[in-house]
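Here are some exercises to work through with the model open beside you. Try each task before reading its solution.

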Amino acid sequence: MSALLDPQRQLDADLLVRIAAGDEAAFAQLYDRFAPGLYSLILKMVRDENEAEDILQEGFAHVWRRAATYDPARSSAFTWAVMVFRNKAIDRLRVRMRRDRTAGAAAAEVADFSGNDDSAAVEPELRERHALVRSALDQIPTDQKQAVQLAFFGGLTHEQIAEQLETPLGTIKARIRRGLLRLRDCLKELA
């Protein structure tokens, strides 16, 4: 069925044209039409409501910025949106997998770390690891060090860290991820 014969498909395409021209009312209308279905798709992929909401917001920001790239000859507006949001969800899942691998590796490296209590590291090997971790932590930027310490040694969630440091959640997640990557590199250099 062609786009001219399907009024809903034509409406969606027209909304994207208006969004490309900066029409906020068209954006709100498209959001109302697409958000429920897209949220459901994203939630099935990431299985986390907060993350699904973040991806939905990120995806609609992308739609706002890139509406002009939509080509009605190639697909329906909804199909185009599904691909945008699907790619955003896949990107988020890849980041999550990398973060989990990095966090797992860092956690394994510091599993024997006992905070600031040197007396707990009785064995020479544990003292050596403790010194390596402390040295590596001293080499990463202060904001990353603070976030990593609160997450792994303080046992706080990302949300609790963001609240305690009065910093956006996304910034905290990025600091932890970058801090863990730098910590891993530092530990490799020191070992």
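**Exercise 1: Helix H2**

Task: find what happens at the start of H2, then follow the helix to its end.

Solution. Begin at the start of H2, where a side-chain oxygen of aspartate 23 comes to within 2.9 Å of the backbone nitrogen of alanine 25. A polar contact is a pair of N or O atoms within 3.5 Å; within protein, one must be able to donate a hydrogen and the other to accept it, and residues adjacent in sequence count only if both atoms are side-chain atoms. Please keep in mind that this is a predicted model: local features need pLDDT of at least 70, side-chain atom pairs count only at pLDDT 80 or more, and totals for chains, interfaces and linings use all residues. Residues are numbered from 1 along each chain as its sequence is written, and side-chain values use heavy atoms, with hydrogens and water left out.

Next, check the length. H2 covers residues 24–46, 23 residues in total, yet its end C-alpha atoms are only 29 Å apart, short of the 33 Å that a straight helix would reach at 1.5 Å a residue (the expected span is 1.5 Å times one less than the number of residues).

Now look for a bend (the angle between axes fitted to the seven residues ending at a residue and the seven starting there). H2 bends by about 45° at phenylalanine 34, and proline 36 follows within four residues.

Then pick out the buried residues (under 20% relative accessible area, 1.4 Å probe, protein chains only). In H2 these are Ala26, Phe27, Leu30, Phe34, Ala35, Leu38, Ile42 and Val46. Finally, step just past H2: arginine 47 has a positive phi of about 55°.

**Exercise 2: The largest pocket**

Task: which helix gives the most to the lining of the largest pocket?

Solution. A pocket is an open set of points on a 1 Å grid where a 1.4 Å probe fits, with protein on both sides within 12 Å along at least five of seven lines; lining residues have an atom within 4 Å of a point. The largest pocket holds about 210 Å³ of space. Its lining draws at least two residues each from H3 (49–66), H4 (77–109) and H8 (169–190). H8 gives the most, with five residues. Sorted by class, the lining has three nonpolar, one polar and six charged residues.

**Exercise 3: The whole chain**

Solution. Count DSSP runs (helices: H or I, at least four residues; strands: E, at least two). Of the 191 residues, 32% count as buried.

Terms used
Points joined across faces, edges and corners; volume = space filled by probe spheres on them. Nonpolar A, V, L, I, M, F, W, Y, C, P; charged D, E, K, R; others polar. Buried < 20%, exposed > 50% of the residue type's maximum accessible area, 1.4 Å probe, protein only.
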